[in-house]
Amino acid sequence: MPRDPRFDVLFEPVRIGPVTAPNRFYQVPHCTGMGYRRPRSLAALREVKAEGGWGTVCTEYTSIHPSSDDEPYPSASLWDDRDIEAHALMVEKVHAHGALAGVELWHGGAASANHYSREAPLGPASVPAGVNDPVQTRAMTRSDIRDLKRWHVEAARRARQAGFDIVYVYAAHWYLLRQFLLPSNQRTDEYGGSLENRARLLKELIIETKEAVGDTCAIAVRFSASIGGPDDDQDTAEPREMIELLADLPDLWDITVHDYSYELGTSRFVPEAGLEATMSWVKGVTDKPVVSVGRFTSPETMLRLVRQGVVDLIGAARPSIADPFLPLKIAEGRDDEIRECIGCNICYTGDQTGTPIRCTQNPTIGEEWRKGWHPERIPAKGSDARILIVGGGPAGLEAAVSLGKRGYDVTLAEARRQLGGRVTLESALPGLGAWSRVRDWRLNQIEKLPNVTVYLESGVDVDQILEFGADRVVIATGSLWRRTGIGRWHETPIEGWDRPSVLTPDDILAGVIPAGPVVVYDDDHYYIGGVIAEALRRAGLDVTLVTPANEVSTWTRHTEEQHRIQAMILGMGITLETGTSVVRVDESSVTVASVHTERERHVEARSVVMVTSREPRDALFHALAGRIAIDRIGDCLAPGTIATSVYSGHRYARELDAEVPAGVPFLRE
Ligand code: ADP
Ligand code: SF4
């Protein structure tokens, strides 16, 4: 289908200083959990973006000097000439598809504790460094400032040598340059105090970097449009004055906000185009092109922002991860095929855990080099085997789509009236509506695959599976939450677990409203405990959330939403009992104990929701193993995230009748 001509504007070239972006699709710098440790993986990942139509593809944060290392988070580096080769590899692959390559030069200042280099962190003043690390920065002298400028210029020269078209001066988030910009910088020399003084270092860096490489490379400045504050009270006065001061010095303004949890906010808390209100004034104070992000997956939103003069370039990190071919799909009038980001931030957990990126929607991201997986291409089938998939949750659906694309004859049997499994159920919980995109994209694909047949309301048993006579059967029946309370804290059932007042998330997802007051016991620590407490509170119940952790939903620190969840939970009037475990369920109360002192107390509760661990629903698998060719995937294999299930289904489909390396199943750098 030809594209809607209204979208032609998105494919116009944009001049950025000495270079020209071939279109308005701009992959802003984003971390991948690869950095300098995994250059081949990184180059292949960025290449796929360029191939998919992103006119500009940037690196992740790239340290300019050992006085800024972010270990254990894997940043890229341009510390010396030996770093050039790794970047050149990426640039070459990005250029091969006609895209521009950008590099985000970075110095973390007080944000880096320098665990690896053991250099003293640097800052405008001596302040605590890292993340609660027992270390402070060294207050920079004038000579340190001269060194910093020299390192930046040298890194920029190396970047040019690697072939980059765009070089960043990174003055956003909580990194060094922003530490100079903030009002808290009260140095008494010419680099602190007044607004002009605080902006001086940034100004000098832009000028000197431009002098060094500006004839061939565009100079981009990443800048926060607000000082911070609550979401609806962003203070933009000073940032505005600073942009006015520097207005046309850089070739491009890459505008964001200070708060990561808003900039890359999950869909639970931040809508598409969430930054618009905070940054829409920027184009009014500079003639230079402006790029900004907003988890854009809708071509209509992109068009509106360009037409209304909010941005010149559509910035994207997550939408380009979930669908590296998003621009090409719009270009070819296939917008309905865009695999839309769901805003879950599983992609960010790679960086946060020092491991390669993963994505709930796109199981191939991060696997381009080490497994040779491509988001749009999959090898043809290796046999004429007829496949039966049992269970239509994220694992079963992804397996059906990918096997179908390989050309296999696929039958999917699902017990419920609706496909999607846990995604369908969980997306009905507060704030998780966008998660249904995991199901909807796959349903849309299945509709286009005549070789995939779906049977709903078809819970199958052992005899029916045998009778069906498929050549291969894959069990994707998911898992059930345990009622016993067995989890991380309790290895054996909690006394009283078998009382009728004890429920599980599966009961709540099935629509059961428990009697209040209710205790939600969260020993799972990801989102589900917090979101169930929220749902029950919204239903009008008195809710106490008890968790052995010292904060609610603690794993969501990795998805950059923990403090938002905790603020919401407390703000809603949910009682939070942290550092506490449930030790017994009584008639109308639970006995809880401090995990630190073991001191026991009673909490009034007419019902308890156990959010502790899950039991794989694998009875069919075990009953049939050894009798027929059978595998299991997703939560049925090992309960995990939705991303894990999608990956598991995809992997099954890829590896069927394929040569899989014996031993380590992927290439290593
Ligand atoms: P996963 O994340 O691994 O895909 P889910 O729990 O989301 O797991 O999905 C499992 C799906 O399997 C659910 O939709 C469930 O209704 C379905 N299912 C479970 N048992 C059977 C069965 N015996 N026959 C058909 N479908 C089943
Ligand atoms: Fe979007 Fe989630 Fe994928 Fe990240 S992991 S790109 S937030 S769908």
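P517 lies in the loop that runs between helix 17 (505–509) and strand 20 (518–522); helices (H or I, at least four residues) and strands (E, at least two) are DSSP runs, numbered from the N terminus. The peptide bond from G516 to P517 is cis, with omega near -5°. This is a predicted model, in which local features need pLDDT of at least 70 and side-chain atom pairs count only at pLDDT 80 or more, while totals for chains, interfaces and linings use all residues. Residues are numbered from 1 along each chain as its sequence is written, chains are lettered from A and ligands numbered from 1 in the order in which they are written, and side-chain values use heavy atoms, with hydrogens and water left out.

A cis peptide bond also joins E71 and P72, with omega about 10°. P72 belongs to the loop between strand 4 (56–63) and strand 5 (76–77). Most peptide bonds are trans, and most residues other than glycine have a negative phi.

R295, although not a glycine, has a positive phi of about 50°, and its place is the loop between strand 12 (290–292) and helix 9 (299–307). R295 counts as buried because its relative accessibility is 11%; buried means under 20% relative accessible area, exposed over 50%, and partly exposed in between (1.4 Å probe, protein chains only). E560, likewise not a glycine, has a positive phi of about 60°. E560 sits in the loop between strand 21 (543–546) and helix 19 (562–571) and, with a relative accessible area of 17%, is buried.

Ligand 1 has 23 residues around it, of which A395, E414, R422, D635 and S645 come nearest; a residue is near a molecule or strand if one of its heavy atoms lies within 4 Å of it. By class, this shell around ligand 1 has 8 nonpolar, 10 polar and 5 charged residues. Here Ala, Val, Leu, Ile, Met, Phe, Trp, Tyr, Cys and Pro count as nonpolar, Asp, Glu, Lys and Arg as charged, and the others, Gly among them, as polar.

A polar side-chain atom of E414 lies 2.6 Å from an oxygen atom of ligand 1, an N or O atom in the side chain of S645 is 2.8 Å from an oxygen atom of the ligand, and a backbone N or O atom of P394 lies 3.1 Å from an oxygen atom of ligand 1.

Definitions and conventions: Polar contact = N/O pair within 3.5 Å; in protein donor to acceptor, adjacent residues only side chain to side chain.
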